[in-house]
Amino acid sequence: MYKNYTNQEQFDFQINRFMEPYKHDDNVQQIIFDVTSNIVNLESWYSGWSKVARNAENNGKFGLASAFYQLADFYLLESDPRKEQTYDLFKKNYYNSISMDNIDLINIPYDNGYLPTAVLKNEKATKTLIIHGGFDSYLEELIRLMLSYEFVNKLSAYQIILFEGPGQGQALRTGLPLTSRWEKPVGAILDYFNLTSADLMGMSLGGFLSARAAAFEPRIKRVVLYDVMLNMSESLTMKVPQMQQYLGKKLDHAGRRILEEKLTFVQNNDHNINFLVQKAKDILKVDSASELLETLGEFNMNGNWDKIKQDVLLLAGTNDMYVPKDTLAKEMLLLENARSLTGKLFTEKSGGDRHCQVGDKELVMPFIIQFLNN
């Protein structure tokens, strides 16, 4: 069940997201409430989670420490000198918390960097499932999801390949900005493993990126949009509608100045929007508001939804903070050439109404597993 810790939407969502494995652990929940009672700004957010992360690490609770370090890391920009150490501590503790006997980590060359990849080994596999994240995901978050819900056992016919694409995690740190042409990194994974066919699942913004990849990569046979997203810009414009007019536009000097002033004003008065803007600048490797809005305009399908001919599973929640609630219906209508469409909308009454069913993932996992096993 989704929990309200601070009554601040963005804070509560991230806590539910990273602490979901511990939602029934009363001791951990007490630690969370103790930390959140002292959070008043982003600095107290960082210091609070860092402190309990160190305590957990010192007590040998590496999985818990990793989750706390990921929370501490979350709002740190790439330019923050604390970012690298916090990120490294998150990764070190995570890998100390799991067995690597059946996991191979591979860095797949891509452009001038590489795509960090994890292969969950299955000698009996006859099919392949490729999984990636979205706006702010890390490879380790994907591994944790697979292990938590025993995907390898429940998808016994599948070899599961997880990867960080451009703009994500370590791939970003190798110099790769997020790209709207997601068929390129997916194609690189398919090529590296000599795959002639595979299924694909994208999480969060990955719900848009995986749709884009499916439209232009015929080797993809089934695609899971977890959750649906028509375009990346809606995550900003649904909260700041006045930015819609600037998407994809090249502005003159006066127009850029006005846009910068408008967006700066919004950022100064809303830490949620400030995070979205700053994070988007980081992963897209742009410096100004005009560059950001121009680049965000590229993250749409440009009328290419009819190129998707695969079997498609579309997942959505009615209380998604990043995706308008009518997106599922709109997207299903656009997918007129899909081989089959299966949609699932989670409501507040059923649970799972949040973005990517955070807080209630046990509700959505059976639908994904059933779709892939059919």
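A: A helix here is a DSSP run of H or I that has at least four residues, and helices are numbered from the N terminus. The model is predicted. In it, Q10 belongs to helix α1, which covers residues 9-19. Q10 counts as buried because its relative accessibility is 1%, and buried means under 20%. The side chain of Q10 makes a polar contact, at 2.5 Å, with the side chain of Q14. Beyond its neighbours within four places in sequence, Q10 is in contact with F74 and Y75, with H271, N272 and F275, and with M321 and Y322.

Next come the backbone features. The peptide bond that leads from Y226 to D227 is cis, and its omega is near 5°. D227 sits in the loop that runs between β6 (220-226) and α11 (234-237).

Positive phi values come next. N194 is a residue other than glycine, yet its phi is positive, near 55°. N194 is found in the loop between α9 (183-192) and β5 (198-203). With a relative accessible area of 66%, N194 is exposed, since exposed means over 50%.

C356, also a residue other than glycine, has a positive phi near 55°. The loop that holds C356 lies between β8 (340-346) and α16 (361-373). C356 has a relative accessible area of 5% and is therefore buried. On accessibility, then, N194 is exposed, whereas C356 is buried.

Notes: Residues are numbered from 1 along each chain as its sequence is written. This is a predicted model: local features need pLDDT of at least 70, side-chain atom pairs count only at pLDDT 80 or more; totals for chains, interfaces and linings use all residues. Side-chain values use heavy atoms; hydrogens and water are left out. Helices (H or I, at least four residues) and strands (E, at least two) are DSSP runs, numbered from the N terminus. Buried means under 20% relative accessible area, exposed over 50%, partly exposed in between (1.4 Å probe, protein chains only). A polar contact is a pair of N or O atoms within 3.5 Å; within protein, one must be able to donate a hydrogen and the other to accept it, and residues adjacent in sequence count only if both atoms are side-chain atoms. Contact means heavy atoms within 4.5 Å.
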